[in-house]
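Open the model in your viewer and keep the selection panel at hand. The stops below say what to pick and what is there.

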Amino acid sequence: MENETVSKNFIEQIIDKDLAEGVYDTVHTRFPPEPNGYLHIGHAKSILLNYGLAQEYHGKFNMRFDDTNPTKEKIEFVESIKEDIKWLGADWEDRLYFASDYFDQMYENAVKLIKKGKAYVDDLNAEQIREYRGTLKEPGKESPYRDRSVEENLKLFQEMKDGKYADGEKVLRAKIDMASPNMNMRDPVIYRVAHMTHHNTGDKWCIYPMYDFAHPIEDAIEGITHSICTLEFEDHRPLYDWVVRELEYPHPPKQIEFAKLYLTNVVTGKRYIKKLVEEGIVDGWDDPRLVSIAALRRRGFTPESIKMFVELCGVSKANSSVDYAMLEYCIREDLKMKRPRMMAVLDPIKLVIDNYPKDQIEYLDVVNNLENEELGHRKVPFSRELYIEREDFMEVPPRKYFRLFPGNEVRLMHAYFVKCESFVKDENGKVIEVHCTYDPSTKGGNAPDGRKVKGTIHWVSAEEGRPVKVRLYENIIDESKGVYNEDGSLNLNPNSLQEVTAYVEPELMKAKAYDSFQFVRNGYFCADSKDSKEGEPVFNRIVSLKSSFKLPKA
């Protein structure tokens, strides 16, 4: 039991204590994104943490859209977020909510605060409010409107609701403490005038609650016990607690903050991604070079790989960055036993076996994955003319090069030994064809006389293989220069996307959206969900086969 306690993260320890002391008798968590963009890898940590805690303690998990700011919100983002969360496996069952569902209650709560003398209507504009707030070293000044009577505040707030005032003309502020060392407690604005159409409530409202006021109310209404959020909200916690206390909710939720997940050399800022989308540098929020959840899904990452990554990162109070290579490690680990290993040639050069019968097509029986026999076998066509990778032939090889060069013998994977006899160049001196002879007795890749070869290369039949579009991705950021330029713009990598025409074995033409495979020696690839058509897949490289990443020793 002692080891079990030690291995729990600090949030689990807080929950255990709350349950043991009877503060709560159940666990109820939520994930509350603002629908103003697509979710990214950092949000995946929050989703899986909140859902995971609800599962661990046999509690409940709510999905809630924090849609209190109609200026940036779209139904497109609502739908994409729902899809992402379902894909990650977090099940909100019948508990899908919107902050806007509670606008009536929030308004009544604001009236309650006014009646208690804990809120007032202020006529100062945004700039004046900033000036009056003071600094970290200097206390703030009280607004000249702070001591309006309850009656006057009720009348003015009603008029704000009725549309009598322009945007920014009046605000409702909580009356707390202008000398508080915590800037968030210096009479924060809790309602603003905004004549905006809301995606959920239409034109019913022209005043909208501020996030810091709305959020604790939403949690309290839904019976959330532990409101898990990121570290930047730590300074907002006294205000969170003040709101639920002053509104006299019987079972106030507890806010707990944890460190965000930061990945090195990636773009997660919505403002930057929006710019990349608008300028056509990427083909949408789900472009496979991004780390939005939709982009990772389209590239070929799996929910299991994201869960493994989040678990490896752990939960802590200290901000830290994680190398993108760790995410790549997780997808390799997840796919290596699950996916068939197929042959695809990305940079083709023709190989002709001069002594192989001209019109013969042989179907070789090939194991789909040597490490997982359950994936079965397939038939791969073999013919006189094949495609091999350009890098698998050299006219003048360096030392320790064991692939094809004049006079050398190699194994064609799953097939025969072939010996390089000659090659053909085009008018520019580029090799376009390699000529070999094969040994029919070496079928299956072994010689009956026991002779050995040091090189094995993959291939695709030129007659039966099919051309497909393959996208090879690098980081969208030029890692050698860092993410941002001095002027704040992004340091983009001009080679982040390379499209090639590859030749693949015919079996791969059956691939449907999101189907993934290992292409022998070239990496893991996934059929693109946007651009693949039936019988015409487009493949995205998820990740290469090799990595410098090593898991830290326990």
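Start by selecting E222. At 11% relative accessibility, E222 counts as buried (buried is under 20% relative accessible area, exposed over 50%, partly exposed in between, with a 1.4 Å probe and protein chains only). This is a predicted model: local features need pLDDT of at least 70, side-chain atom pairs count only at pLDDT 80 or more, and totals for chains, interfaces and linings use all residues. Numbering runs from 1 along each chain as its sequence is written, and side-chain values use heavy atoms, with hydrogens and water left out.

**Stop 1: R64 and its partners**

E222 forms a salt bridge with R64, with the closest N and O atoms 2.9 Å apart (a salt bridge puts a side-chain nitrogen of Lys or Arg within 4 Å of a carboxyl oxygen of Asp or Glu). E222 lies in helix α8 and R64 in strand β2, so the pair ties together parts 158 residues apart in sequence. Helices (H or I, at least four residues) and strands (E, at least two) are DSSP runs, numbered from the N terminus.

R64 is buried at 0% relative accessibility. D219 is buried too, at 0%.

**Stop 2: the β17-β18 loop**

Select R403 and D392. Their salt bridge has its closest N and O atoms 2.8 Å apart. Both residues lie in the loop between β17 (385-389) and β18 (409-412), so the pair ties together parts 11 residues apart in sequence. Is D392 buried or exposed? D392 is buried, at 0% relative accessibility. R403 is partly exposed, at 25%.

Next, select D283, D286, R298, K469, R471, E499, D528, K530 and D531. Salt bridges that share partners join these residues into one network. The structure holds 61 salt bridges.

**Stop 3: K350**

Go to strand β14 (residues 348-353) and pick K350. K350 is partly exposed, at 21% relative accessibility. Leaving aside neighbours within four places in sequence, K350 is in contact with E385, L386, Y387, I432, E433, V434 and A462 (contact means heavy atoms within 4.5 Å). A polar contact of 3.0 Å joins the side chains of K350 and E385. A polar contact is a pair of N or O atoms within 3.5 Å; within protein, one must be able to donate a hydrogen and the other to accept it, and residues adjacent in sequence count only if both atoms are side-chain atoms.

Then draw a distance from K350 to F77. Their C-alpha atoms are separated by 48 Å.

**Stop 4: helix α2**

Select residues 10-20, helix α2. Its buried residues are F10, I11, E12, I15 and D18. These pack against α3, β8 and β9 (254-258). At the start of α2, a side-chain oxygen of N9 reaches to within 2.9 Å of the backbone nitrogen of I11. Just after α2, G22 takes a positive phi of about 75°.
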